[in-house]
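Please keep the structure in view while reading.

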Amino acid sequence: MKYFKIIILLIAFPLMSGAPAHKFYVSITKIEYVKQKNSLQIIAKIFTDDLEDALQQRYDSSILLAGKNESPKVDELLENYLFQKINIKVNGKPVMLKYIGKEYDVDMVVSYIEVKDIKELKTIEIENKVLTEIFSDQQNIIHLKTPKSRRSLILDRDEPSGLLNF
């Protein structure tokens with residue numbers, strides 16, 4: 001009986017491990033309200049391969065991210081893409097996003113954005129449609145930190161925006 005169980009496990013294990021892994025489509029955006037600087041500091045983390053697919057489909061199929069073969073126009077295209085997909089209203093008014101730059105962290109693109117001249121934060125409405133045109137199950141997680149609270153939103157294709165009151 002003991003050998004029978006071992007044989008079953010040896011047969012079943014390769015079958016189970018050969019099943020395709022489910023890929024998660026998610027981005028994480030951290031927004032921090034820095035009262036001393038009257039600004040929102042935004043860090044958006046997006047999987048490199050997914051973002052590369054989006055930029056290739058939208059702009060140019062030869063675009064490559066990360067590495068020595070990175071396209072020279074990546075920063076410009078990334079900024080355009082993010083500003084088309086991420087919109088923020090503070091206290092009911094649209095704000096101007098300023099692209100600071102990007103870096104790579106393992107398999108993610110980490111983009112830095114800032115919003116200046118935010119003297120008071122009563123409400124914030126965030127729309128994040130990053131990658132939702134490509135992946136129907138894309139989720140964009142938003143973490144917002146203020147001096148007094150922490151809040152989170154999960155946005156997707158069906159609900160691309162959310163409103164937080166303070």
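How many bridges join strand 5 to strand 6? Seven bridges connect these two strands, which run antiparallel; helices (H or I, at least four residues) and strands (E, at least two) are DSSP runs, numbered from the N terminus, and two strands pair if DSSP finds at least two bridges between them. This is a predicted model, in which local features need pLDDT of at least 70, side-chain atom pairs count only at pLDDT 80 or more, and totals for chains, interfaces and linings use all residues. Residues are numbered from 1 along each chain as its sequence is written, and side-chain values use heavy atoms, with hydrogens and water left out.

Strand 5 (98–105) and strand 6 (108–115) form a hairpin with two residues between them. In the turn, valine 106 has a positive phi of about 55°. Within this pairing, lysine 98 stands opposite glutamate 114 of strand 6. Strand 6 is also joined to strand 2 by eight bridges, and this pair runs antiparallel; here lysine 45 stands opposite valine 110. Seven of the eight residues of strand 6 are buried, so the strand is largely enclosed by the rest of the structure. Buried means under 20% relative accessible area, exposed over 50%, and partly exposed in between (1.4 Å probe, protein chains only).

Helix 2 (residues 48–58) contributes the buried residues Thr48, Asp50, Leu51, Glu52, Ala54 and Leu55. These pack against strand 2 (39–47), helix 3, strand 5 and strand 6.

A further element is an open sheet of four strands in the order 4-3-7-10, with antiparallel pairing. Its edge strands, strand 4 (93–94) and strand 10 (161–165), each pair on one side only. Five bridges link strand 10 to strand 7 (residues 123–128), and threonine 123 has asparagine 165 as its bridge partner in strand 10. Helix 3 (residues 74–85) lies across strand 3 (86–90) and strand 7, running at about 50° to strand 3; axes are lines fitted to C-alpha atoms, for helices over the stretch in contact, and angles run from 0 to 180 degrees between N-to-C directions.

Leaving aside neighbours within four places in sequence, tyrosine 81 is in contact (heavy atoms within 4.5 Å) with residues including Leu51, Ala54, Leu55 and Lys129.
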